[in-house]
Amino acid sequence: MLIKNKQIYDFSKCSYPPVGQCIYCGSKENLEKEHIIPYALGGTTILPLSTCRNCAKITGHFEQEVLRGPMWPVRKLLQIKSRSKHANVPKTMRLSIWKDEEEKQIGVPLEEYPVVLHFIVFDQPGYNNKHYIPEGRFF
Ligand SMILES: [Zn+2]
């Protein structure tokens with residue numbers, strides 16, 4: 001949901017027409033749907049035919065790093081939907097601590113793990129902004 005001009009927009013009820021080209025590199029080959037907000041963060045709204053298989057693989061890899069990294073305890077704590085129903089969530093999470101001027105890694109039960117949310121603000125997908133490079137490279 002987004003609150004704008006004191007109106008709440010529920011994007012889960014929005015549908016969009018097929019884009020017809022990859023929003024990241026501009027390719028028109030092997031197009032797939034793209035979740036606007038990742039499914040694993042509760043996103044249900046998609047852009048049909050909007051990412052090529054190659055870019056989907058790249059963004060999917062990045063999403064897995066984040067969703068199975070710093071976002072994993074948050075997703076479990078908030079019971080955000082999961083295709084695996086959170087069956088693979090570890091019982092403990094690794095945490096770095098400093099003691100006697102030495103960094104140590106300890107395992108912390110998931111229920112006690114300090115949840116800190118980091119959000120990266122990205123620019124628009126490459127094809128939609130002035131930084132687009134036709135060769136499909138990301139920067
Ligand atoms: Zn692409």
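Begin by selecting strand β5 (residues 92-99) together with β6, which pair in the antiparallel sense over eight bridges; strands here are DSSP runs of E of at least two residues, helices are runs of H or I of at least four, both numbered from the N terminus, and two strands pair if DSSP finds at least two bridges between them. The model is a predicted one, in which local features need pLDDT of at least 70 and side-chain atom pairs count only at pLDDT 80 or more, while totals for chains, interfaces and linings use all residues. Residues are numbered from 1 along each chain as its sequence is written.

Within this pair, select Trp98 and you will find Glu103 of β6 standing opposite. The two strands form a hairpin with two residues between them, and Asp100 in that turn has a positive phi of about 50 degrees. Now colour β6 (residues 102-109) by burial: the count of buried residues among its eight residues is zero, where buried means 20 or more other C-beta atoms within 10 Å of the residue's own, exposed means 12 or fewer, and partly exposed lies in between, with C-beta atoms placed from the backbone.

Keep Leu31 selected, since its contacts lead onward: leaving aside neighbours within four places in sequence, Leu31 is in contact with Cys22, Leu49, Ser50, Thr51 and Cys52, contact meaning that the C-beta atoms, placed from the backbone, lie within 7 Å.

Leu49 belongs to strand β4 (residues 46-52) and has a positive phi near 45 degrees. Leu49 counts as partly exposed because it has 18 C-beta neighbours inside 10 Å.

Finish at Leu67, in helix α1 (residues 53-67). Not counting residues up to four places away in sequence, Leu67 touches Pro38, Ala40, Trp72 and Arg75. Leu67 is partly exposed, because 18 other C-beta atoms lie within 10 Å.

Terms used:
Two residues are in contact if their C-beta atoms, placed from the backbone, lie within 7 Å.
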